[in-house]
Amino acid sequence: MNIIAKSAVLAISTIAFISPAVIAQQLSDADLQAAIEAKLTEQLKDEKVAAHTADFIMKNLLTWQGEPLPLDQADSIIAYAFGNRIAENGNQSPGPMNKALADTVVEIYKQTGKPVYAQWEIAQEIGDRIDEKDLTAIYPKVGADGTIIYLSTIGVAEEIVKLAGGTEKLGKAVVVGFYEHSLRTINTSKDAGIDAYAPEGIELPNDYDKESGQPWTRDPLIFVMHEIRNRGTNERTRLIEQANQEK
């Protein structure tokens, strides 16, 4: 174990019985990452894999907030839906979580007047509270047989770029997403080439709907596990693509 790792482990052991709030103040991110890396090296017997995994854990499992942007610097507003409600006849409606997201978008729009690109569930709940010329709704695709094709987060981001006429037309975008979903919506927007940020000073919704039509969005613990899986899958895909390019 190297000196940094030993120091990190010592630091953790000496504050093991202190409250989480105090620990957060005393333990730096560097010390925490070093301790995680040391533990993984012991378990995995591979320093390179342990280092990469520790870095991934710090950036993707222990980080849930995106880089904020002051609203007066925003050029556009992007909003991603979360959950829905499904009636007995199978019809979908936005549900309370998308209503909360719509309220957040309207709050930001009132402060900025910037164009809004929102998934249809949010756009529907916005209604006429935003000028029609400033609101672009993102709808799912419809297959040749009339079935609705679900748009993934990256699918929504790519459709926004297309409808906007390019990433340069979006400028610096503040992204509105459900709190635990928000970092991935920001990162996915970036993957689509968008200069994306969290809206500074805005509290994102995080009251879960137990009647949501999407089971993974009914409870914070379930969604966090769902989100961790998605982040891990995205990293796996990236590593496979990188390995293929290096062949």
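A helix here is a DSSP run of H or I with at least four residues, and helices are numbered from the N terminus. The model described below is predicted. The protein has 247 residues, of which buried residues make up 41%, and its secondary structure comes to 10 helices and 10 strands. Among contacts between residues at least 6 apart in sequence, 64% join residues at least 24 apart.

**Helix 9**

- Helix 9 covers residues 179-191, which is 13 residues.
- From first C-alpha to last, helix 9 reaches 19 Å, close to the 18 Å expected at 1.5 Å a residue.
- The buried residues in helix 9 are Glu-180, His-181, Ser-182, Leu-183, Arg-184, Thr-185, Ile-186, Thr-188 and Ser-189.
- These buried residues are covered by elements that include three helices, namely helix 4 (47-61), helix 7 (153-164) and helix 10 (220-245).
- Strand 9 (172-176) and strand 10 (195-199) are also among the elements that cover the buried residues of helix 9.
- Just after helix 9 comes Gly-193, which takes a positive phi of about 95°.

- Helix 10 has 26 residues, which should span 38 Å at 1.5 Å a residue; the end C-alpha atoms of helix 10 are 37 Å apart, so the two values agree.
- Phe-223, His-226, Glu-227, Asn-230, Arg-231 and Glu-235 are buried in helix 10.
- Helix 4 and helix 9 are what the buried residues of helix 10 pack against.
- Two packed helices are described by the angle between their axes and the distance between the axes.
- For helix 9 and helix 10, the angle is about 15° and the axes are 10 Å apart.
- Helix 9 is therefore roughly parallel to helix 10, since an angle under 35 degrees counts as roughly parallel.
- The crossing of these two helices, helix 9 and helix 10, is left-handed.
- On the helix 9 side, the residues that meet helix 10 are Glu-180, His-181, Leu-183 and Arg-184.
- On the helix 10 side, the residues that meet helix 9 are Phe-223, Val-224, His-226, Glu-227, Asn-230, Arg-231 and Asn-234.

**Helix 7 and its packing on helix 9**

- The axes of helix 7 and helix 9 come within 9 Å and cross at roughly 50°.
- Helix 7 and helix 9 are therefore oblique to each other.
- The crossing in which helix 7 passes helix 9 is right-handed.

**Nonpolar cores**

- In soluble globular proteins, nonpolar side chains tend to be buried together.
- The largest nonpolar core in this model has 30 residues, and those with the most contacts inside this core are Ile-77, Val-105, Val-116, Ile-122, Ile-126, Ile-130 and Val-176.
- Two or more residues of this core come from each of strand 2 (76-79), helix 5 (95-112), strand 5 (116-119), helix 6 (120-126), strand 6 (135-138) and strand 9.
- Helix 5 gives the most to this core, with seven residues.
- Another core, of 18 residues, lies apart from the largest one, and includes Ile-138, Val-161, Ile-186 and Ala-198.
- Not counting residues up to four places away in sequence, Ile-130 touches Val-105, Val-106, Tyr-109, Val-116 and Leu-135.

- Gln-119 has its place in strand 5.
- Gln-119 has a relative accessible area of 11%, which is under the 20% limit, so Gln-119 is buried.
- With neighbours within four places in sequence left aside, Gln-119 is in contact with Ala-79, Tyr-80, Ala-81, Ile-138 and Val-156.
- Leu-32 is found in helix 3 (residues 29-44), and is partly exposed, with a relative accessible area of 26%.
- Leu-32 and Met-58 are 26 residues apart in sequence, and their C-alpha atoms are 8.5 Å apart in space.
- With neighbours within four places in sequence left aside, Leu-32 is in contact with Leu-27, Met-58 and Leu-62.
- Pro-140 lies in the loop between strand 6 and strand 7 (141-142), and is partly exposed, with a relative accessible area of 26%.
- Pro-140 and Ser-152 are 12 residues apart along the chain, and 9.3 Å separates their C-alpha atoms.

Note on methods: Residues numbered from 1 in each chain as written. Predicted model: local features only at pLDDT ≥ 70, side-chain atom pairs only at ≥ 80, totals over all residues. Heavy atoms only, no water. Expected span 1.5 Å × (residues − 1). Buried < 20%, exposed > 50% of the residue type's maximum accessible area, 1.4 Å probe, protein only. Contact = heavy atoms within 4.5 Å. Core = buried A, V, L, I, M, F, W, Y, C linked by side-chain atoms within 4.5 Å. Axes fitted to C-alpha atoms, helices over the stretch in contact; angles between N-to-C directions. Parallel < 35°, antiparallel > 145°, perpendicular 65-115°, else oblique. Left-handed = near helix turned anticlockwise from the far one by under 90°.
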